[in-house]
Every structure is written in structure tokens, then in C-alpha cells.
Amino acid sequence: MRAPVLCAVIVISLGLAGVIEYLAQKSQRQGGLALSPSEEDIPQTVNIAYLYMPTTVAVLYSLLWTWIDLDVRRMQPWFELSRATGARGDQSLLLNYPFEFLAFVPITAWKQRHWPVFNAGLVMMLVFWAITPLQGAIFGRQAVVSTRSVDMSISSGFMPVEEQAAALDASILNAAYGITWYEQEFPEFTTTEYALLPFSPTETDTLGVNETWTFNTTRFKTDLECWSATYIENIATVGGGQYEFNNGQGCLQNISIGGGTADLYNLQYIGWKGDAHLDWALHSEHCGTEFSHQFLAIAGQETGSGTEKEFGNLTAMFCEPSYMQQEVSIAVDAATGQPLNETLVELASWKQLDDTTFNRSAFEFLLHAGFSSVVVARDYPDNLILDQFAKLYDTNISWPTTNMVGFAIGLHNGSIADFVNTTVIRQSYAAAHKLIFSSAVSQLVLQTSDTGAGDGLVKYTMYGIVVSRPISIAVESLLYVVALLAAILFYTIVRSVSRLTSDPDSVASLFGMVQKEQLILSRFSDKDNLSEDALQASVSKDRYHLERSNTTAGPTLQLLSSEPEAVDSDDRAATMTASSSKTRYIRPKELRPAVGILFILILAAAVGVLAYLKSQEISMHGAIFDESLITLSTPMSVTSLMSPIISRDAVVPSGVLGNSPYFDHFYMVQTNMSADTRLPPWIDTQFAYLPFADLTAKDNKSSQYNALTRGFGFEATCSLLPQSNASRSHVEYQFDVSTDLGNQAIKVFHEDTLHGNSTTCEPYSFVYYSVPEGKSAQEIYTPLQRAADETDTEEVAAFCESRILLGWMRYDSAKPHMAPNTTFLECTTQMVSAQFNLTVDEDGRILRSEKIGEYNDVTELLGSNATSILMSANLRIGDVDRQSSGGLDLLAWHNNSLTTDWMNYYLKLSHGTRDYVDPSKDLPDATSLIPAVENIYQRIGAALLGANRDLFVDSANRTPALSATILTQETRIFMDTTAVIISITILGIYLLAGIVFYARQRKILLPRMPTTIGSTVAFVAASRAVRLYRGPEKKGDPEETYSFGKYMEPQVFYLVCYNNKDPSEEFKKQHTFQPAILHGYCRRRVRSADYPGMTEEAGHSVRGAVVTGLTKDNLDKLDYFEGSSYDRRVVRPKLLTQVGNDKGEGNVEGEQVITESYIFLDQKSLEDKEWDFQEFRRDKLKQWTRAGYVFEDCDPDDVATVSAGV
């Protein structure tokens, strides 16, 4: 309550408001505090600070105010008593502010006009019920979207048009194939409709998550203009014929169609430019270069059979693509490069993309032919002719057909029959054109960029601590209000008069204020047994005043006026004696057994509720408090869609192999490894699994399904193959450059096999090509087969065809007499199967798999076809359909670092290097490649089985039921386990403490609670403690006592206290003997003794003397002398200002004092006759005053011996 404290509180309040405002402004300016790229990157110290610091500060702040508020409530009665006119009892001594409920304090103070208490109470309500809970909610952790202006660089544009033909190769179609069939992501800055000129910030530092870049760039797109073609049948044949198609603009071309199977559809996409690899082209003398950018789309259906078969229901359209560009402003995702179409703003109108910018002829040839118009060296997949027959052979169309038909079918969401509709033809081929054009643009743009092209925007998400502006404003406002109220409190306290010289912080501090005030003590001495209401009624209208003392003893509490008493002193004494046995002792509500039982039950219920909710959360996966995602496990039944019984003796259906090379499994792995595309359903990188179906409705897209099912795969065990004849298994490599064509031969020998003393195998496909000049390299990846000179048996064939040979070679033509450096691996392959605990999503994509037990014998599962399946698979995995395109010899020696087979292409992707095929590099360490080779072989095998799941068919058409679990992602509310444990522990401690406290509680013998000054004074006013207390520094000061018998004679008193009936004047001056009378007591002679005993008895009075100046040593000696028959108790005699006769006649009573006297304990030992002091003085005094009579058994001057005898 002092000025430094209250001023400091005002400064602290304003400081807290200032800090909150500073943090709020900084949070608004930056978007948040301690911004980090992710929630996990936020420093732990910041997390702890924002979670606990506001509450901690609020609690400390509230504790400071609690201290101030308690002092204000406690001091208000003394302020009232310090007024010049004093204060009534109900406005001072009976004020109960420190123990009132917080909400009622301001109301009571307002009524009493006690402004310090009102202000402090109002502050406490704001601090406890507003600031503390709100301050904990100021800060929150959340995502913050920030925007920054940065310098952007943008691609310089397309590469020179003369270089574009070589860049427009099969890699573009491969990417489009992955997008169409395997959900591969689009290249950066491309969509299904358009492509953008790439741009990026000049500073590449990642600012946060969900980062986007916004800039002005160029958008490119293509579209088709299509119209119906007219046609006539020139030559009619069974099932088809030759048709002349007319575009209506001067282009005529004869196309032969037919020979297909009945009910199949014949779809064709025919471009203008011809090639030896192509069956049809529009280019002819009747369709010149002015139509070089048009194509013909045909759709028809074979009907009938035999001689009745014909080709009909024919639909034909000519289409011409257009290519355009447009200036736009758009945002792209920084992580994926995908344009955000909703942010696109057109800055100009569309313009035609001319031939000096884009080589549309080369692009259109790629679409029509399926390979580049320019023959250059490329990686193996990019030199292949993309073939989609593996995706189309079971789609009810005739073969042959072109790639664009495959793209159109893959992008069309409907049936093949829809393609006889011109709208479907246009839309499907337009979608295919746009897709491939977008992929092509990403490959044609230059990697060089124009730096400093302009300012763009980077928008990104950071995670940090955000200040809630509404809550911060509320807390700041409350703190300003508190500071204002604190200033008003300071003002009211300064204006309040206080006569206190020290803090009245204890009951003892009251003793010094009242012990000399007989009016106060008399007023309250008979009110110790009154109830709170009775005490209130008794003294509420009295007026009291705190008077500053002229001495150093401190202020005194004075009674200025009081209500007249209704009964006289004797009647009051009788009433008090009678009522003392009827006093009703109270117990505070908080300490009553009923309250204690209720409190313990509430604690026990809280512990039980928390434990029950946690158990429910565990059993039901969600209860209360923290909200988050949970995976729920629900038992269910599923049906296996396939059975481990094979339907044929080859992995790939003969219908596919009979028409085209099979690369579908290689494309699947390519898109997965190069673009991180998700694998198709029911396969992962190791196995293909028998699918199962949910028997319930899929109403939750986040569902996962878990069941036991069988998985199949192919494994390879590879080892280094020596070239020394001394090894039982070795490779023999022959190389001869003496001819124009390098003559090479490879054979693999195995000694002591199960099929004879030796078995010889050779590559399945290995062609001899010439060696280029300089350093060159060659790679081998091929399945093995029985050597031509080997015995032709099924066992030998199976032995060889279950193996894969890999080799790496280096040769330098400058050293013709040195044989090539070579290294070889041989991999023994097998088909494996096991039970798996499989978890898939709603589409059947693998999320987790766990092999259960060991591999099973596939021969027992698949029967005799197991061997043929392995041999067939090994051929497909070993790329038996390896081919060349564009006139390049893909199996030849090469002097570049391009791959010439699938295995080395995958090794390049997985290891990120071309060193294995680079002729300028040393031979690779084949042993170190074994893990990668085995892994890639297993991936290709899983893809092969996954692409041909129809291999497994249950001939009995059974659908066995499987025991499964559905795992559903749901948002539930959780209880933090640590918090629950802490809460239950704390509540348990409270519960135990409560039980112990209430069980061991003692009875409180109080008629009221000592919660006010008046109540406390009433308890101690009649006690010996008030008279004995002299303050902490005056414990040895003289006391006073009331003497009613032998001590009325000073000689007896001196003899007892000083062992001398006539001590020196120094001792005599310390004591006075004032005549007094004590009402309500009677003095009688003790039987067979000279001295009296005084007992309490109504209607009698005892005259005696109040002896002052007694020290502790005096009292010790008096106590010892009186012995155990007497008890020193507090009495309230009145001093006599005039002494009458022995009967009391003529006595004039004056001030009542509170002192002590010796009360006789055994009333039966008293005579009926009252004791006569004059008789004692006359007959017995000499005997009682003789030397040594008093202390015959101890030294009266030795305090220790006297105290020991007491």
C-alpha cells in the first residue's frame, strides 16, 4: 500500500500492456512471431514460452494484486478508526472484508463508501476473472501466409526452331503415357490445357511451406478445329475396303481399312507425313503440303462374319491443330511447379505461335509416328517406338493402330462405341493434343533465364505464434483500466488518515492497543461467548477511535460511546455464568463434515470421470480435449477377387505378344522411378498381391483395409561371374576386330549341374556390331537360353532360361591388340510367394505390407505351369523384345554415355550417374551393383505381374471370404495422456489430503470465527494474555495482580516476593496497593488454615487490593507459594475511589480493571464462614512475617529453585 509498491504496480500494468501491444503490432506486421518453415521447426523454447509464459505472468501479476488487495481490505477498518470522529462498530471493528467473497467485496465497499476496498476489489475481479484467462488465450500457434516481392528470372523462350526436331522425341510420349495411364504428375509449369514459360525467384532459398510464385509469363496452348470428312468406297472387300476420304478443301487420300474381327472397332489417327514404319499417311499427290498440318481421324465397326462380314458405321473427321500464346499473370506451386489456374489473369489476347518459334511439323510427326523425325542418339526408352497395345488389346478395337488412338482412349471417360460420335472424336483427340503439347513445351523451353526480368510475388506459409488482435486489445484495455484504478487506489490511500505506527498484522498487535483501555476491555470482556450476530447487535452502534499515543507505546483503541447496558454488573455476571454452559460452538462451513464429505466425493468423482473418459478414449479411440486424426480399426469380411491358380502358361497373354513388343511393365517402373508416380493398385516395388474387395459401401474416402492375402514376385540372386576356366561356373567371351564387324561370342558354362556334367547357356539375343573409333562401351542385359550345341531337354532349357546375364565392356580402338575389359554378373531367378498382412487404401494401392512366415513352394501353388511362368517372366523382365528404332543399333558398341537397355537406364535413375555406361570411365564394380540389380529385377517382376493380374483366375469361380479390418481416418477428440496422469495425480493428492484433514479434524470451541477486529478483541479482552503482553521488546516489564487475602498486607507480599517484610525503598516504589472490590466472588477460610480461598459465587463481593509492578520473578514466587490448590485467573475488579466500612458501606467504585487473582480450586475444603482480614492481621500476621517462614525448602533469591518448585 506504500507509494513505491503502488507506483510500481501502475508501471507494471502499463508495461504489460505495452509489451502485448508491441508483440501484437509485430505479429500483424510479420504475420506472426518466431516464424518457421514448419510446426516442427518452431524452437521448443518458443513453444514453452507461448504456452506457459502468458499464464505464468498473469498468475504472478494476480499474486501481486492479491497481496495489495488483502492489505487494503485488512487496513480499511483502521482507516475508519483513524478518522477524527472515529467510526461505528459495524463500519470498523466488525468489518469482514478479508474473508468476504471476491464478487461481494466491491458491492459492500460501495455501500460503505470505502473507496480503497472498492477499487482494489474491482481490480481483483478484473485480474482474476478477465485478465488471467484472457491473457492465456492471446497467443496461438497457426499457419501464417506471407507475401514478399522478389526479383524473378524467366526462361528465355523456346530453343531455336532448328533444334526442336531432335528434342521432340519419344520421351515426350513416354511422359504423356505415364500421365494418361499411371497418374504421373504433369511436368512443371504445365496443365492439361496449357503450358507456361518457366520462371523462378533469383534467390532460391525456400521461405516456407506451400510456397507459390506469381509473375507475368507466357501461356501456350493448342486446340483442334475439326470437321466431318466425306468418303466413298472405291474398292469393296470382305470386312472392309478402300475408302477415299475428302477434307472438302482439296485433300484426297485413299485409305484401306478392314480385315478385322467382327464386332471390333477400328480407330485410326492418320497424319500427313509418311514413314517406313507407318501404315498410312495423308501425303499424296492429291494432298499437298498446304494440308501438312491436318490429320484424319476414323472410327468404324466390323459387323457380321464370314462372307457377310463388312466394315460399317464409319465416322471420319479432318482436324487441324492451332498453336497460340498469351501473356498472363499466374501463380505456380513452388514445390511442384504446377500452375494454380484460379490465380490466372489474362494480360493480352491470344496470338498465333508462328513457325519461327515452334516446329509444329516435327511435333505433329511425333504424334503421328510415335518417334522423333530426327535420328539421334538417345537413352534407350526415348529411342523406342511407344506402343500402347498392352493397354488396348482388350478394349474391343482392331489392330494395328497408332499411339494417338491410345491417348484418346486413355483420356476419354467412356466406351469405345462413343468414338463414332464426332464430338467425342474431337474432344478426345483435342485432349490428347493438349496433353502432349504441354509435355513438349516443358522440353523445348531453354534452361537459360533472363535474370532481373521484373518483380514478382512469393507467397508462402510459415508456422509461428500469432497474437489474437481482439483478445490482445481486450487485455490491453483491461490493463489500462487496472492501471487507472491503481492510480485511484493510490490517491484514496494517500487521502486516508492512519494513526497506526506499525502493521497490525497479528493478534498480539491488538494487545498493546487495548490493554490499557479499560473501557474497551470492559465493553468486550463479557462478549467472548457471543455469536457473530449477537456481537454485531451488541457493539455495532458503538463508536470507536484509534488515538495516537504521545509515548512510543503505539496507538490505543478507545471507546468513544456505547449503547447502555440492559442489566447491572451482578446480573451480567450471573447471566454469563449461566450462559457459559449453553454456548453454541460453531464450525466454519468449509470445515463442516457435510462439506468435507461433499468435497471428497467431488474429488473422487473428478478422478473417476477422468479415468473413465481415458478408458473410453482407449476403447473407442477418442474422447475429449485435443482434436486430431485417429485410425479406427473395425473388423469386417472381404472377398478375395482372385485365387492363386494360373490361367495360362505365360505371364503375358499371347494376344499381346503376337502383335507387338511388350514394354508396359518397363513403362510402369520408369514413371515410378523417374517421376515418383504411384504404382498401380495391388502392387508395390517387390510383389503383386491377390486383390480383395470390401463387401460394405465405401462411404469414407480415407478408409484403409487390412487383410491377409497372398503375394507373388520374382527374386534374383546375383553373383560375379568369373572368366577363368578354373571356375566351375564361368563366362567365355570372344572378341575379334580383325574383320569389319567385331566378331563377339558369349557362352556361360556351369559344371556339375543336376542336368549333366556341364550345362552351357548363351544370351537370348546378342548381335554383333562394329566397334566405333576411340574409346567405346557396350552393355549386356539379356536372359540366357540353352546353347545351340547343348542337349535339348526341358530341364536344360529351364536351367538356362531362369538366368539373367549382365555385362559391362570397355574397348579402345587405339589399342587393337588388347582385348576389351569386361565384367559379368549372372542372376539366378525364381518365382516366390507368401502370405502377407496387407493394408491398402480404397483404391487398392499398397500402404503397408508385412510378410507372414517363409516363402511357400510355388510349384505346389501353381502346379506344373510354375516353371513355364518363371521362364516366360524372365524373358519379359530380361527385355527379350529389345529393339531399335530410327535406324540406331541399340545393342551396339557406343562412344557416348547413353543407356542401351532398361536395366542400365534404371541404374542411372536410381544412382543418378551415367558412369556405368560411360566409355571414358573405368568398368563399374559389378559386385557393388548386385543389391541395385536385384532390387530393380524385383521391381520389374512385380510390375509385370501387376500389369497381368488376370493371370490368376479361379476356374471354379469361387470367392473365398477373408477376415479383414477396415481402418478409417476420423477426426476425434483426445485427452493428452501426460496431462491426464498429472491431473489424476494432483486430484489424488487432494483427495488423500482431504480425507486425512477431515478425518483428523479437532472440534473448534469457538462461538464465532475471529474474522474481525471486534471478534478478536472480544476473545482476548478478558484473558490474562492481554495483561501479560508487553510487546516483543517488553517481555520483562511489571505486571499487576488482585490480592484479596494475606497479600493485602504489604509485609506478607514483600516477604513472599523478596524474602524480607521490609525491603529497600527501591523495591517498594515498584509496587502500589490500590483498594478494589470484585463482584461475583466470595472469600472463605480454608479449613484448618489461617489463609482464605476465593471462589466465584453470585451475589457476593470481595474487597481487596490491586497490586501493581509485579515482575515475572515475583509471579513465579507467588505461584510457588500458593501451590496447586490455587489457579491464577483473570478477574475484573473495580478500583475504589473511596473505601467504606467492612460491610462495604460507603464504598465508591471507580474504573474496572482486568487483572489476575488466585482462585481456590477445592470449594469443599472451605468453611462456610467468610475470612476476616482484620482478624488475620491481629492474630496471625507476626507468624506469617517471621524470617524464613515463606521459603523453607528453597532459596527465595534463586529464581531457578523457586521456578523448579512451582
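This short talk covers the disulfides of this structure and one of its sheets.

What you have above is a predicted model, in which local features need pLDDT of at least 70 and side-chain atom pairs count only at pLDDT 80 or more, while totals for chains, interfaces and linings use all residues. Residues are numbered from 1 along each chain as its sequence is written, and side-chain values use heavy atoms, with hydrogens and water left out.

Let me begin with the cysteines. A disulfide is a covalent bond between the sulfur atoms of two cysteines, and here the term is applied to a pair of cysteine sulfur atoms within 2.5 Å. How many disulfides does a search of the whole structure find? The search finds four, and if we number the bonded cysteines of the protein chain in sequence order, the pairing reads 1-4, 2-3, 5-8, 6-7.

One of these joins Cys226 to Cys319, with 2.0 Å from S to S. Helices (H or I, at least four residues) and strands (E, at least two) are DSSP runs, numbered from the N terminus. This pair links distant parts of the chain, since Cys226 sits in strand β6 (residues 209–228) and Cys319 in strand β12 (residues 310–333), 93 residues apart. The torsion about the S-S bond of Cys226 and Cys319 is about 115 degrees, so this disulfide is right-handed. Both Cys226 and Cys319 are buried, where buried means under 20% relative accessible area, exposed means over 50%, and partly exposed lies in between, using a 1.4 Å probe and protein chains only.

Another disulfide joins Cys718 to Cys827, at 1.9 Å from S to S, and this link is right-handed as well, with 105 degrees about the S-S bond. Cys718 is buried at a relative accessible area of 9%, and Cys827 is buried at 2%.

What is the handedness of the disulfide of Cys761 and Cys800? The torsion about its S-S bond is about -75 degrees, so it is left-handed. Cys761 lies in strand β24 (residues 756–763) and Cys800 in helix α20 (residues 794–801), so the pair ties together parts that are 39 residues apart in sequence.

Turning to other cysteines, Cys7 counts as partly exposed at 35% relative accessibility, whereas Cys1082 counts as buried at 1%.

Finally, the sheet: three strands form an open, antiparallel sheet in the order β2-β16-β17, where two strands pair if DSSP finds at least two bridges between them. The edge strands, each pairing on one side only, are β2 (87–88) and β17 (556–561). Strand β16 (residues 543–547) pairs with β17 over five bridges, and Tyr544 stands opposite Leu559 in β17.
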